[in-house]
Amino acid sequence: MYINGVSVATDSFDVTGTGFGSFDGPALKVSYLAKLSAGDLVTFFTTQQNSTAAARTLRGGQDDTYASINRLSGPATVAANESILSRYSTSAGQSFATGSDVIVNFGTKTFDTHGTVTTGAGWKFTAPAPGKYCIQAVI
């Protein structure tokens, strides 16, 4: 996970052996509390580092591969009773080749209260207001 282009949290699952193609489980689970300023960017990268393996395909599905970012608290730049919430998942598996760092495109919106996410190859969450955010992802 990156905030403004800087890696702040990593976790990995090492897959060994040959013939590895489609992966049936998460390679990354992250839960992170971050103090974000308005305009800060959050992105998620994944890579296939096993040189003997085939291209990796992420499982698609609302509960299999997702990112959830929620503002917990902060200055009153939004109403006290207003929440900033976003949750996106992948509906189809995203593939990437060995040795490539790829931004994960969580392209299916479950909800996004403030239009905070840009989907596609440049997927990113942009904090609309300062505060403490809970950032969770399963990739």
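**Figure 1. Accessible surface and overall make-up of the chain.** The chain has an accessible surface of about 7000 Å², and carbon and sulfur atoms hold 49% of that area. Areas were computed by the Shrake-Rupley method with a 1.4 Å probe; for residues, only the protein chains shown count as cover. This is a predicted model, in which local features need pLDDT of at least 70 and side-chain atom pairs count only at pLDDT 80 or more, while totals for chains, interfaces and linings use all residues. Residues are numbered from 1 along each chain as its sequence is written, and side-chain values use heavy atoms, with hydrogens and water left out. Of the 139 residues, 41% count as buried (under 20% relative accessible area; exposed is over 50%, partly exposed in between; 1.4 Å probe, protein chains only). The chain has 14 strands and zero helices (DSSP runs numbered from the N terminus: E of at least two residues for strands, H or I of at least four for helices). Among contacts (heavy atoms within 4.5 Å) with a separation of 6 or more, 73% join residues 24 or more positions apart.

**Figure 2. The open sheet of five strands.** The strand order is β2-β1-β4-β13-β12, with antiparallel pairing (two strands pair if DSSP finds at least two bridges between them). Strands β2 (6–7) and β12 (117–118) are at the edges with a single partner strand each, so one side of each has no neighbour in the sheet. Two bridges join β1 (residues 2–3) to β4 (residues 41–43) in the antiparallel sense, and Ile3 stands opposite Val42 in β4.

**Figure 3. Strands β3 and β14.** Strand β3 (residues 29–36) runs antiparallel to β14, joined by eight bridges. Lys35 stands opposite Lys132 in β14. Strand β14 (residues 131–138) is largely enclosed by the rest of the structure, because six of its eight residues are buried.

Figure 4. Asp40 is in the loop between β3 and β4. Asp40 is buried but has no salt bridge, and the nearest side chain of opposite charge, that of Lys35, is 9.8 Å away. A salt bridge here is a side-chain nitrogen of Lys or Arg within 4 Å of a carboxyl oxygen of Asp or Glu; Lys and Arg count as positive, Asp and Glu as negative, and His and the chain ends are not counted. The side chain of Asp40 reaches the backbone nitrogen of Ser37 at 2.8 Å. Leaving aside residues up to four places away in sequence, Asp40 touches Asn4, Lys35, Phe125, Thr126 and Ala127. Asn4 is in the loop between β1 and β2 and has a positive phi, near 55°, in a residue other than glycine. Asn4 is partly exposed, with a relative accessible area of 42%.

Definitions and conventions: Polar contact = N/O pair within 3.5 Å; in protein donor to acceptor, adjacent residues only side chain to side chain.
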